[in-house]
Amino acid sequence: MLVGAIEAGGTKFVCAIGDKENQVIERVSFPTTTPEETLAHVFAFFDKYEVEAIGIGSFGPIEVNEASGKYGNILSTPKLAWKNFDFIGAMKARYHVPMGWTTDVNAAALGESIFGAAKGLTNMLYLTVGTGVGGGAIVDGRILEGIGHPEMGHLLVKPHEHDHYAGFCPYHGNCLEGMAAGPSIDGRLGVAGKDVDPDNAVWDYIAYYLGQAIVAYTVILRPERIVLGGGVMKVPGLLNKVKRSFETLLGDYVPVPASDSYLVLPGLEDDAGITGALILANQQL
């Protein structure tokens, strides 16, 4: 039995074929361009196999409410070619198999909870800090969704006293994404984060905003562990800054595990999303 998986990112798509044990047999990746061009690559890959189900973790916002007439659509994305695109409809027109549908960060959370840094835990949160900021939660072993999926990157944060950046989010300005995602580094300094010294004060600002958000996630969801992924979190020393910020801001208000085991980097590194999509596919069966 074979299943298919898609990690549909805003920059690139990763497609994989896996087995019932969620092991990748073959995978490909290609840039995210227009829906027509991108899905042509998706179809060329999956047409070589007979899959029993497909799991999709997509950039968003997306419609996850099955009662909605727009279920399976990508919604108000800044990637205008994909706005209101019926992703599931296009896939089901080609492949008549069950399909799991969620956000890319929810898929990553699922992957990390089953095989990664939160393996064996039933309540965890995955936060990615990269081009944008997004989060997914596993609560009692299930992906957390309500009438829609969480948008954890758009939590409003208090500006750092020495940070005068207004934020780049077109909707909220100084929300978490607007103040802590990769483009905020370029917005402040005029250079990409990878070219900024790890000792630059900007990383203290980023840690301050992430610390605020993690306090909010902690007191609202009370996860057993929070996994911090994405390109920004690869900056040397940033994780330790985030831990110190979180501990200071939480102020011993509620008991949490020691920060070294509570705030961790991904166990699956960059494979969390595609692994979660495979799990999602197998769950359909």
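Buried here means under 20% relative accessible area, with exposed over 50% and partly exposed in between, using a 1.4 Å probe and protein chains only. Strands (E, at least two residues) and helices (H or I, at least four) are DSSP runs, numbered from the N terminus.

Quick housekeeping. This is a predicted model, where local features need pLDDT of at least 70 and side-chain atom pairs count only at pLDDT 80 or more, while totals for chains, interfaces and linings use all residues. Residues are numbered from 1 along each chain as its sequence is written, and side-chain values use heavy atoms, leaving out hydrogens and water.

Back to β6. In a regular strand, side chains alternate between the two faces of the sheet. Here Met124, Tyr126 and Thr128 point one way, and Leu125, Leu127 and Val129 point the other.

So who are the partners of β6? One is β7, residues 133-139, antiparallel over six bridges; two strands count as paired if DSSP finds at least two bridges between them. A hairpin of three residues joins β6 to β7, and Thr128 stands opposite Gly134 in β7. Then there's β9, residues 225-229, which pairs with β6 in the parallel sense over five bridges, with Tyr126 opposite Val227.

Thr128 turns up again in the largest pocket. Of the 50 residues lining that pocket, Gly10, Asp104, Thr128, Thr131 and Gly132 lie nearest its centre. A pocket, on a 1 Å grid over the protein atoms alone, is an open set of points where a 1.4 Å probe fits, with protein on both sides within 12 Å along at least five of seven lines; lining residues have an atom within 4 Å of a point. Elements giving two or more residues to this lining are β2, α3, β6, β7, β9 and α9 (272-283).

Now the second largest pocket: which residues lie nearest its centre? They're Trp101, Arg142, Ile143, Glu145 and Leu280, out of 17 lining residues. β5 gives the most to this lining, with four residues.

And β5 takes us to the other sheet I wanted to show. That one is open, with five strands in the order β3-β2-β1-β4-β5 and mixed pairing. Its edge strands are β3 (24-31) and β5 (99-103), each pairing on one side only. At the β3 end, seven bridges join β2 (residues 12-18) to β3 in antiparallel fashion, and Phe13 stands opposite Phe30 in β3.
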